[in-house]
Amino acid sequence: MSTERDAVVVCAGVSGLATVHELRKRGVDAVCFEASDEPGGVVRTVREDGRVLELGPQRLRLTPPVEELVDELGLRGEMREGDDDLPLYVYHDGGLCVAPLSFREAVTTDLLSWRSKARVLAEPLNGPPRGGESVADFLARKFGEEAARRFFGPLYGGLYGTPVDEMPAEHSVARALENAGVRRSVLFWVVKKLLRGRDTPPVFTFDDGLGRLTEALYDANADRVCLGEEVETIRTEKDGYGVVTEEATTHAEEVVVTTPAPAAADLLEDITPSSEVLRRLTYNPIGVVHLVSDFDGDGIGVLVPDYEEVRVSGLTWNAPFLGRDGVFTCYLDPASLPWMEGASDDELATVAAEEFRRITGSGAEPVRVHRWNPGMPAYDATWDALDGLELPDSVHLCTNYVERAGVTGRLGHSRQVASRIADEDGD
């Protein structure tokens, strides 16, 4: 069989689904192929004994792109806001210290010494990331050694499971600051937002979990999404590309690849030899262990700095923060647990329960273990390889390893890609 489309999207994770959705809004005839029988990718929710468990992201912020999509999909009535007034903790010196996420917390927290707090105020005197600087060096230069090691490093590196001394600033924090519009000073940027009256968007989830977002995206575009159809290869043709599955070859002028880097390298090898560089990118496997506990502390969760001899990288307290009865989520990665990849699920569950008790003082029962491999992009020195990637203008990567990670970043990137394709198609 052979069909014609304006564009083909490969993989129906949140990036792929959002791209198809945005293309459809712009009148572009697009189709998406997904190898598995379920859409959604890493945004996935399951139920265990009636409890809602998030295998990927635990919550979202209601940023403008997210809010617009929620309303388009008619999901407003299913939202539940998280209690954003609760503290985030850092496990330090055997106890829980409040993370300085507000002015009041910055003054009162015992995580940082008064000397360190004063040093943070000198941040505007230090410039943006420098060439060749690591994230660890950048944070220490901007905020001081103590604040960088105890708070900013765990906060940033914990997102990706990568030690910040292994992350070049140019591949991660520099891009994040640029996207946020931060030119020199983070503190000045925060103050400007406060003076302009811009409130931080609330944290939220859905009653049935974040999987409702990708489920609704799929339902709205089901006639454009082919589940259980793996793309075997993408080949160059005279007037575009042939996207080959077991069922058919789809001819299109534009192709959007949203897979992890190794899969993208395989798909694009007939289009450009430079796709080989994508195989060099490092991903960090992530272990997610859901626990049930009667721990009654209030908080968002806990960051664990790498200097603490704790075998997990952090916790999300879903119970008090998101109203998930008794549910807590524990994260493991090779930086916190070097033997993680060779461990059994039972061993990961045991480690998570033991470290939960160490951190909170309360017992917990593991109810589910999930592994993401590949997990999060490491944004380490292997990202230098992307400098050698050359793609035709009509082949697009809409992925978290070339732009911002996180659902909000994925929605914004998919909108950019769809706009470029729609403009080219109109020409």
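Colleague: Is aspartate 84 buried, partly exposed or exposed?

Modeller: Buried means under 20% relative accessible area, exposed over 50%, and partly exposed in between (1.4 Å probe, protein chains only). Aspartate 84 has 30% relative accessibility, so aspartate 84 counts as partly exposed. This is a predicted model, where local features need pLDDT of at least 70, side-chain atom pairs count only at pLDDT 80 or more, and totals for chains, interfaces and linings use all residues. Residues are numbered from 1 along each chain as its sequence is written, and side-chain values use heavy atoms, with hydrogens and water left out.

Colleague: Which residue does the side chain of aspartate 84 meet in a salt bridge?

Modeller: A salt bridge is a side-chain nitrogen of Lys or Arg within 4 Å of a carboxyl oxygen of Asp or Glu. Here the partner of aspartate 84 is arginine 61, at 2.8 Å, N to O. Arginine 61 is partly exposed as well, with a relative accessible area of 31%.

Colleague: How many salt bridges does a search of the whole structure find?

Modeller: The search finds 28. One of them joins aspartate 208 to arginine 47, with the closest N and O atoms 3.0 Å apart. Aspartate 208 is in a loop and arginine 47 in strand E3, so the pair ties together parts 161 residues apart in sequence. Strands (E, at least two residues) and helices (H or I, at least four) are DSSP runs, numbered from the N terminus.

Colleague: Are glutamate 133 and arginine 141 buried or exposed?

Modeller: Both are buried. Glutamate 133 and arginine 141 form a salt bridge, their closest N and O atoms being 2.8 Å apart.
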